[in-house]
Amino acid sequence: MKYYLIAGEASGDLHGANLIRSLKALDGEADFRFYGGDLMQRAGGTLVRHYKDTAVMGFVAVLANARKILANIKDCKKDIAEYRPDALVLIDYPGFNLKIARFARKIPRLKIFYYIPPKIWAWKEGRAGQINRYVDEVYGIFPFEPGFYRSHSCDKAVYVGNPCVQAVQGYRHGSKEAFIERNGLERGKKIIAMLPGSRKQEVEQTINLFNKLYLKEFPDCQFVVAATGAVDPNLYSVLKDDFYLVFDETYELLSFSHAALVNSGTATLETALFKVPQVVCYPMRVPALLYRLARKLFLKIPYISLVNIICGSEAVTELVGPDLTPAAATECLHKTVYDTEYRRKISADYDTLSGILGTSVASDTAAGKIVRTLCCK
């Protein structure tokens, strides 16, 4: 079978790579072509375009790059038509992927799968109708997603497990001593992981927050920023000397961390699965009144972190927009580092989270469903 996959950012590249390997295990004749990244390319197949050349975040950035985005969509449609795949697998990235799905729906016998659908349960619920029209099967990675889709007249969604569970359970860290030595850290001090995100705008804004924290409140701690090669390394050059910087070792860092300050996103879930108590932060450059109005009108859920959304309660503290001040972040992080009872509560909530997510290997489950569907078409 011929598979065409589309992933538009680093996390999609990771999950796409796992899916490719799972599909290969089931389909010995599998051939892959994709928009993705280095991990998908190493998993096997033809990389058409790297996500670094297609990823655009934010309304202003989208407007500024409109011509480039439209050209990428046009090129992708042409490439799919020429490749003539049996399956089109979309991985998140809704602004791009839903346009491709609408086009692909007109191609006879092509099956369209959405692995890791967009988080329309948080905003843009109207996209449920588009997904229902254009996609054959939806493979959700959160247990509540099938119910959400059913409530929006779409019965195509199933829960296949969460890829983060697979990634964290399969990770094997090295020695703490080697990690400390390699990165020039101090022995005997608690490690506090600082996760600023993986996109340019969020990294810039979160690092600005890091620089304003009152680090003297943590005399027995050292603060280690998890950097990523997916963005310009110069973004990290503004960090104060109080911080250590490690590149592309987030899981290793979390393996040895006592607590964490995490930009909202998949990293909050990964941090929880590593059992690291955390404070979730999400900087936003908008006036307080506008933020509160937008949250009331557009955000359909009471929380922003995946940990709290899945648990259905405030397992970890969230600081968002105008509530995220250096003083508030320092105070909440201090409690997370030093308050033993509070840390026990977080740990218990993390156990609940793990039970809800289950142990299914998401990529294996999704691959099995894809192959069975293709064999029956």
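Leaving aside its neighbours within four places in sequence, with which residues is Leu19 in contact?

## Basis of the report

This is a predicted model, in which local features need pLDDT of at least 70 and side-chain atom pairs count only at pLDDT 80 or more, while totals for chains, interfaces and linings use all residues. Residues are numbered from 1 along each chain as its sequence is written, and side-chain values use heavy atoms, with hydrogens and water left out.

## Leu19 and helix H1

Leaving aside neighbours within four places in sequence, Leu19 is in contact with Leu5, Val89, Tyr115, Ser363, Ala366, Ala367 and Ile370, where contact means heavy atoms within 4.5 Å. Leu19 belongs to helix H1; helices (H or I, at least four residues) and strands (E, at least two) are DSSP runs, numbered from the N terminus. With a relative accessibility of 0%, Leu19 counts as buried. Buried means under 20% relative accessible area, exposed over 50% and partly exposed in between (1.4 Å probe, protein chains only). Between the C-alpha atoms of Leu19 and Thr330, which are 311 residues apart along the chain, the separation is 40 Å.

H1 consists of 17 residues and reaches 25 Å from its first C-alpha to its last, close to the 24 Å expected at 1.5 Å a residue; the expected span is 1.5 Å times one less than the number of residues. The buried residues in H1 are Gly12, Asp13, His15, Gly16, Ala17, Asn18, Leu19, Ile20, Ser22 and Leu23. Ser22, also placed in H1, counts as buried at 6% relative accessibility. Not counting residues up to four places away in sequence, Ser22 touches Ser363, Asp364 and Ala367.

## Helix H17 and its cover

Helix H17 (residues 362-375) has 14 residues, and from first C-alpha to last it reaches 20 Å, close to the 20 Å expected at 1.5 Å a residue. Buried in H17 are Ala362, Ser363, Ala366, Ala367, Gly368, Ile370, Val371, Thr373 and Leu374. An α-helix has 3.6 residues a turn, so residues three or four places apart point the same way.

The cover over the buried residues of H17 includes helix H1 (10-26) and helix H8 (163-169), together with strands E1 (2-7), E4 (87-91), E5 (111-115) and E6 (137-140).

## Helix packing around H16

Helix H12 (residues 266-273) and helix H16 (residues 340-357) have axes that come within 9 Å and cross at roughly 110°. Axes are lines fitted to C-alpha atoms, for helices over the stretch in contact, and angles run from 0 to 180 degrees between N-to-C directions. H12 and H16 are therefore roughly perpendicular to each other; angles under 35 degrees count as roughly parallel, over 145 as roughly antiparallel, 65 to 115 as roughly perpendicular and the rest as oblique. Leu269, Thr271, Ala272 and Leu273 in H12 meet Tyr350, Leu353, Ser354 and Leu357 in H16. By class, the residues of this contact are six nonpolar, two polar and no charged. Ala, Val, Leu, Ile, Met, Phe, Trp, Tyr, Cys and Pro count as nonpolar, Asp, Glu, Lys and Arg as charged, and the others, Gly among them, as polar.

For helix H15 (residues 326-338) and H16, the axes come within 6 Å and cross at roughly 85°, which makes H15 roughly perpendicular to H16. Lys335, Thr336, Val337 and Tyr338 of H15 make the contact with Thr340, Tyr342, Arg343 and Ile346 of H16. The contact of H15 with H16 has four nonpolar, two polar and two charged residues.

## Positive phi and a buried aspartate

Most residues other than glycine have a negative phi, and most peptide bonds are trans. Tyr93 has a positive phi, near 50°, and is found in the loop between E4 and helix H5 (94-104); at 17% relative accessibility, Tyr93 counts as buried. Ser153 has a positive phi near 60° and lies in the loop between helix H7 (145-151) and strand E7 (157-159). Ser153 is exposed, with a relative accessible area of 61%.

Asp79, in helix H4 (residues 66-83), counts as buried at 11% relative accessibility. Residues up to four places away in sequence aside, Asp79 touches Tyr4, Arg33 and Val48.

## Cysteines

The structure holds zero disulfides, a disulfide being a pair of cysteine sulfur atoms within 2.5 Å. For Cys281, the nearest cysteine sulfur, that of Cys332, is 11 Å away; Cys281 is buried, with a relative accessible area of 0%. For Cys375, the nearest cysteine sulfur is that of Cys376, 6.5 Å away, and Cys375 is exposed, with a relative accessible area of 58%.
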